Amino acid sequence: NMAPIPSTMTAIRIPHTGGPEVLSQDTVPLPTLKEGEILVRNALAGVNFIDTYFRTGLYPVPPSHFPLTLGREAAGTIAAVHPSVSDLKEGDRVVFMGTVGAYANYSAVPAAQAVRVPDALSLDKAAAVWLQGLTAWTFVREAGEVKSGEWVLVHAAAGGVGGLLVQMLAAVGARVIATAGSDEKCQVARRYGAGWVLNSRREDLADEVLRITQGHGVDVVFDGVGKATFDFDLIVAARKARVLSFGNASGAVPPVDILRLGAKNIKLARPVVNNYVATREELETYGKELLDMVTAGKVQVPIHKIYDLADSASAHRDLEGRKTVGKLLIKTE
Ligand code: NDP
């Protein structure tokens, strides 16, 4: 009862780096399966800020990889499995992330990077929460080791990762101060459970954080904004704080003089989600915890918009233009 597998498909590729206009809708052959791989008929691909880094060249890719199919996560249904794969089968609903080219009708995915979606969960929600949810959850647990009662600060708290961070941090009992780029976004962050919200465009932001924490500062900073906020993070960090700089939405943080950290014994980390879910056991453990939270309704997964594959460039423009709240998805079937 599965649709027959066609010989060609539509993929969104870039011939070279550039602005959103380089995204090209191409007809390409279906990927062929290598050992250990499954072929997934993608229902929805997730849009992540990292997709824009590959597009602009901030994260360089070898010239031989062009034209490059964008997209690092999707949810869909298995259309075929390589004979070497035994634990997944045709018809299974799965979600995956990795170096996979997900802005396409089909992706060839290492079975080790795919996880079954529970029956109770829609593919929309699975695609919307997977990469950003694993990021937020592993960063709360491993990079932040956040404890109940600690002061934490989350930047871009109405965004994809930021919104999930606020909800998870509130759930573990942290005292969450959230920043966001507009008053409307601040209201969103408050609904996610932030106790204090600050419009990041105001001038006296650091004073406000120190006032709220009665001079203590924040024990953990979650910063996906990067260049624009890094110095601020060191100012508002408490003694012995963990500063987690994990993204470049405003540009890459320039090299840091580590002597600056000594003033408050700050631990600075630059975590990457993949390195917390590198083994099958880690992926399954964190993946199950995440999907359980979503299925139980403990974590909301707001979807900003579902874009047509042909309209992927608009998704990039909206994300880079700070116009979005929650997750951007691309309909890939
Ligand atoms: P978001 O949905 O959070 O979108 C980015 C947000 O950043 C914007 O909405 C905006 O919110 C804020 N922002 C601040 N300054 C700028 C700017 N100059 N240009 C654009 N946006 C700006 O995206 P994601 O959830 O996909 O990603 C958030 C961050 O997390 C990114 O830096 C991403 O690279 C990083 N990330 C890192 C991972 C890792 O493993 N290290 C994994 C996943 C994501 P506002 O208007 O409120 O300021």
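Reader: In strand 4, which residue is the bridge partner of I14?

Author: This is a predicted model, in which local features need pLDDT of at least 70 and side-chain atom pairs count only at pLDDT 80 or more, while totals for chains, interfaces and linings use all residues. Residues are numbered from 1 along each chain as its sequence is written. In general, strands of a sheet pair through backbone hydrogen bonds, either parallel or antiparallel. Here the partner of I14 in strand 4 is L68. Strand 1 (residues 8–14) and strand 4 run antiparallel and are joined by two bridges. Helices (H or I, at least four residues) and strands (E, at least two) are DSSP runs, numbered from the N terminus, and two strands pair if DSSP finds at least two bridges between them.

Reader: What is the strand order of the open sheet of three strands, and which strands stand at the edges?

Author: The order is 2-1-4, with antiparallel pairing. Strand 2 (24–29) and strand 4 (68–69) are at the edges; each has a single partner strand, so one side of each is left without a neighbour in the sheet.

Reader: Where is A156 placed, and is A156 buried or exposed?

Author: A156 is in the loop between strand 9 (151–154) and helix 3, and has a positive phi of about 50 degrees although it is not a glycine. A residue is buried if 20 or more other C-beta atoms lie within 10 Å of its own, exposed if 12 or fewer, and partly exposed in between, with C-beta atoms placed from the backbone. A156 is buried because 27 other C-beta atoms lie within 10 Å. N265 also has a positive phi, near 50 degrees, and lies in the loop between strand 13 (237–245) and strand 14 (267–269). With 11 other C-beta atoms within 10 Å, N265 is exposed.

Reader: Why is D87 exposed?

Author: D87 is exposed because it has 12 other C-beta atoms within 10 Å. Its place is in the loop between strand 5 (73–81) and strand 6 (93–97).

Reader: Which residues come nearest to the ligand?

Author: A residue is near a molecule if its C-beta atom, placed from the backbone, lies within 6 Å of it. Of the 30 residues around the ligand, G159, G160, G181, G224 and G247 come nearest. Helix 3 gives the largest share of the shell, three residues. Each of domain 1 and domain 2 supplies at least three residues to this shell.

Methods. Domains from an automatic or database assignment.
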